[in-house]
Amino acid sequence: MASPSNYSIAPVTEFLLICFPNNQSWQHWLSLPLSLLFLLAMGANVTLLITIWLEASLHEPMYYLLSLLSLLDIVLCLTVIPKVLAIFWFDLRSISFSACFLQMFIMNCFLAMESCIFMVMAYDCYVAICHPLQYPSIITDQFVVRATIFVVAWNGFFFLPVPVLSSRLRYCAENIIKNCTCTNLSVSKLSCDDITFNRLYQFVAGWTLLGSDLVLIVLSYSFILKAVLRIKAEGAAAKALSTCGSHFTLILFFSTVLLVLVITNVARKKIPPDVPILLNILHLIPPALNPIVYGVRTKEIKQGIQKLLRRL
């Protein structure tokens, strides 16, 4: 009689995404707000991109960085939300092996790119307030190009191994992912191999990149606050802070969402298992808010959007 190890094991060619395995009814009431959120995020970001492209007065480094942020938001939304809605509405749970790991890479890499863009934007605010005379010579179009290349290369280099390592694992039989998306932990734990190194690599890479961005952002705003407190002219301090108010609001919201995700994943055993899955979807709310916050708080963008709407 052959030993179990001699039996051939069919390789896994696709996975099945099971959203909210313990409470399937969640997806019924979540589908409508999620679809509205998707339309809002896409519409707001596309409007912002078109406005910056058509309005000559917005052809400045700060708005180029904002355009890059909107592009990242659009890709993140298109990578995740349509598939989640297909599961909710049409029960299309299957996702191919390659598509799953591509989604994993985009979610990890592009989220880290957003954090890195926020760090570059914090530096932009720092130069604008602390070194205003040197701002035109430091924050140039060439600076934006170099910063973009750095953001893409730096984060791509660190996060490309995440899906590569997971895809090289042996998936023996189990192919049901108890999540709405192909997160590294949800997928790799289906493997019959040891995943300690995979989990360790993502933890170190994630905290190295996001942690370094956060440290630099905090340092930038510390110097900004120190410079603002030295301003004695009436109303000048408030005007200086309003320059970076939109950016600080988005960073605060982005960091809060990430912190909630980390806490829920650390305390996974103490909370219902469907809660981290829900938060994993709702962390895509910032893409909808980014252009709205800037559109409301930035006079130049608001005027550009008004001009665009009058042309239509």
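Modeller: A residue is called buried when its relative accessible area is under 20%. Please keep in mind throughout that this is a predicted model.

Biologist: In which helix is Glu114 placed, and does the model leave this residue buried or exposed?

Modeller: Glu114 has its place in helix α3. Beyond residues up to four places away in sequence, Glu114 touches Leu69, Leu72, Asp73, Leu76, Phe254 and Asn290. Its relative accessibility is 2%, and the cut-off is under 20%. Glu114 of α3 therefore counts as buried.

Biologist: What percentage of the residues in the chain count as buried?

Modeller: The chain contains 13 helices and three strands. Among the contacts in the chain with a separation of 6 or more, 80% are between residues 24 or more positions apart. Of the 312 residues, the share that counts as buried is 47%.

Biologist: What average pLDDT does the chain have, and over which residues is the pLDDT below 50?

Modeller: The chain averages a pLDDT of 84, and 88% of the residues score at least 70.

Biologist: What is the order of the strands in the open sheet?

Modeller: Strand β1, residues 14-17, pairs with β3 in the parallel sense over two bridges. β1 also pairs with β2, in the antiparallel sense over three bridges. The pairing in the sheet is thus mixed, and the edge strands, each pairing on one side only, are β2 (94-96) and β3 (176-177). The order is β2-β1-β3.

Biologist: Which residue of β3 is the bridge partner of Leu17, and which residue of β2 is that of Leu16?

Modeller: Leu16 stands opposite Ile176 in β3. Leu17 has its bridge partner in β3 at Ile177. On the β2 side, the bridge partner of Leu16 is Ser94.

Biologist: Which residues form the covered face of β1?

Modeller: In a regular strand, side chains alternate between the two faces of the sheet. Helix α3, residues 97-130, lies across β1, β2 and β3, running at about 85° to β2. The uncovered face of β1 has Glu14 and Leu16, while the covered face has Phe15 and Leu17.

Biologist: How are α3 and α8 oriented to each other, parallel or antiparallel?

Modeller: Helix α8 spans residues 196-230, and its axis is 9 Å from that of α3. Residues that meet include Ala112, Phe118 and Tyr126 in α3 and Leu210, Ile217 and Phe223 in α8. The crossing is left-handed. The packing angle is about 15°, and angles under 35 degrees count as roughly parallel, so α3 and α8 are roughly parallel.

Biologist: At what angle do α1 and α11 pack, and is their crossing left-handed or right-handed?

Modeller: Helix α1 covers residues 26-54 and helix α11 residues 274-282; their axes are 12 Å apart and the angle is about 15°. Trp26, Leu30 and Leu34 of α1 make the contact with Asp274, Val275, Leu278 and Ile281 of α11. The two helices are therefore roughly parallel to each other. As for the handedness, the crossing of α1 and α11 is right-handed.

Key: Residues numbered from 1 in each chain as written. Heavy atoms only, no water. pLDDT = per-residue confidence, 0-100. Pairing = 2+ DSSP bridges. Helix = DSSP H or I, 4+ residues; strand = E, 2+ residues; numbered from the N terminus. Contact = heavy atoms within 4.5 Å. Axes fitted to C-alpha atoms, helices over the stretch in contact; angles between N-to-C directions. Buried < 20%, exposed > 50% of the residue type's maximum accessible area, 1.4 Å probe, protein only. Parallel < 35°, antiparallel > 145°, perpendicular 65-115°, else oblique. Left-handed = near helix turned anticlockwise from the far one by under 90°.
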